[in-house]
Amino acid sequence: MHLALATDAQKAERDRVTHAAWGSPLSVEQFHQRELRLRAHPWCREGMRTWLWLDDAGQVLASCETFHTDSYLRGPDGVATRGVSQAIASVFTESALRGHGHATRLMDEVAARLEHESPNHHTALLFSDVGPALYRRSGYHEAPAWDWQLSAVGGLSTHAVDALLCDGDVPGVVARTQRPDVPFLLWPSAAQMDWHLERERIYSELLHRPRPEACGATVGNSSALWAMMARYGELVVLLLDAESVEDAVALLEAARGVAHRAGLARVVIWEEPATLPWVARVPGALRVARDGSLPMMRPLRPGLPPAERVAFSRALWV
Ligand SMILES: CC(C)(COP(=O)(O)OP(=O)(O)OC[C@H]1O[C@@H](n2cnc3c(N)ncnc32)[C@H](O)[C@@H]1OP(=O)(O)O)[C@@H](O)C(=O)NCCC(=O)NCCS
């Protein structure tokens, strides 16, 4: 058995089998088109790879993808150095092949490969939809996962914010956002932010569903970015950079109004230490244990803090 990177033809083949797990409500062909478009996105072209775990006859036993994610690690001198973390997604074994340890071997081999690949690698991370046990076997540890939910509300005005944002505003917002000064930081680039909007664009085109009128808002020096997850009736906040509780309330009220006008049921904000003080004070915000998307990480070098001390923003999700 061995690990290999998929060719374009093998990627297309995997699109057809993984449709069973992630394709609905798209047809097999629409899902393949979605995957082609996502792989062509600038963020994926920077460093997305599809890994195959193969038997000696060349049959694919399991597969997954890795995405290049920017991260910053503070050294003993107190200076943060930029490196690379690898977000793992779409771990998949076909039904007939499950329960033989193929996914576990794949995860072990990918991590070992990443560990030796580059001295700039910081950590591997993933968002588990199958709980922690499978990935713990391969050295991953989970972080707490709580969400804050706000119902979408009609009649809310967006007058309390200075501006609603469109796709072209995203790089400016990301560039202006102050990076938190923490020992280790996973920090999505503007291209990674836009990947979430590319998903929104793709679903909106394939399912003939209009996009929300805005992908974020600003007030003073504070801003928020969000994206529609139409299948779940949610507007998910990708980034919340608020200077005060008043700004957080104004930005999230705008999000609730935009969500309502887009026909969505709620706004979802992943709990993070940096935003918790603001979000917890927003009237009507409800804290719920997250269902799926459990953040887990496996360091690729010494010196990283444990997963429970690392912030996993929604923008890092793959
Ligand atoms: C999850 C998956 C990749 C496991 O593949 P596999 O090759 O059978 O994995 P392994 O043989 O290495 O390990 C199997 C373990 O995973 C566990 N597992 C599989 N699906 C699970 C689920 N939905 N919830 C919790 N555990 C699950 C099995 O119970 C088994 O545990 P056990 O050995 O203690 O009984 C495979 O079931 C799959 O492709 N599922 C659909 C896609 C998916 O959900 N991927 C994970 C996204 S985070």
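Colleague: Serine 90 is found in strand β4 (residues 80-92). What makes this stretch a strand?

Modeller: A strand is a DSSP run of E with at least two residues, and a helix is a run of H or I with at least four, both numbered from the N terminus. This is a predicted model, in which local features need pLDDT of at least 70 and side-chain atom pairs pLDDT 80 or more, while totals for chains, interfaces and linings use all residues. Residues are numbered from 1 along each chain as its sequence is written, and side-chain values use heavy atoms, without hydrogens and water.

Colleague: What is the phi of serine 90?

Modeller: Phi of serine 90 is near 55 degrees, a positive value in a residue other than glycine. Most residues other than glycine have a negative phi, and most peptide bonds are trans. A cis peptide bond joins serine 24 and proline 25, with omega about 5 degrees. Proline 25 lies in the loop between α1 and α2.

Colleague: Why is α1 called oblique to α2?

Modeller: The axes of helix α1 (residues 8-22) and helix α2 (residues 28-40) come within 9 Å and cross at roughly 120 degrees. Axes are lines fitted to C-alpha atoms, for helices over the stretch in contact, with angles from 0 to 180 degrees between N-to-C directions. Under 35 degrees counts as roughly parallel, over 145 as roughly antiparallel, 65 to 115 as roughly perpendicular and the rest as oblique. The angle therefore makes α1 oblique to α2.

Colleague: Which residues of α1 and α2 make the contact?

Modeller: Contact means heavy atoms within 4.5 Å. Among the residues concerned are Asp15, His19 and Trp22 of α1 and Phe31, His32 and Arg39 of α2.

Colleague: What makes α2 roughly antiparallel to α7?

Modeller: The axes of α2 and helix α7 (residues 190-206) come within 10 Å and cross at roughly 150 degrees. That angle therefore makes α2 roughly antiparallel to α7. In the contact, Gln30, Arg34, Arg37 and Leu38 of α2 meet residues of α7 including Trp195, Glu198 and Leu206.

Colleague: How do you know which classes the residues of this contact belong to?

Modeller: Ala, Val, Leu, Ile, Met, Phe, Trp, Tyr, Cys and Pro count as nonpolar, Asp, Glu, Lys and Arg as charged, and the others, Gly among them, as polar. The contact of α2 with α7 accordingly divides into five nonpolar, one polar and six charged residues. For the contact of α1 with α2, the classes are four nonpolar, three polar and six charged.
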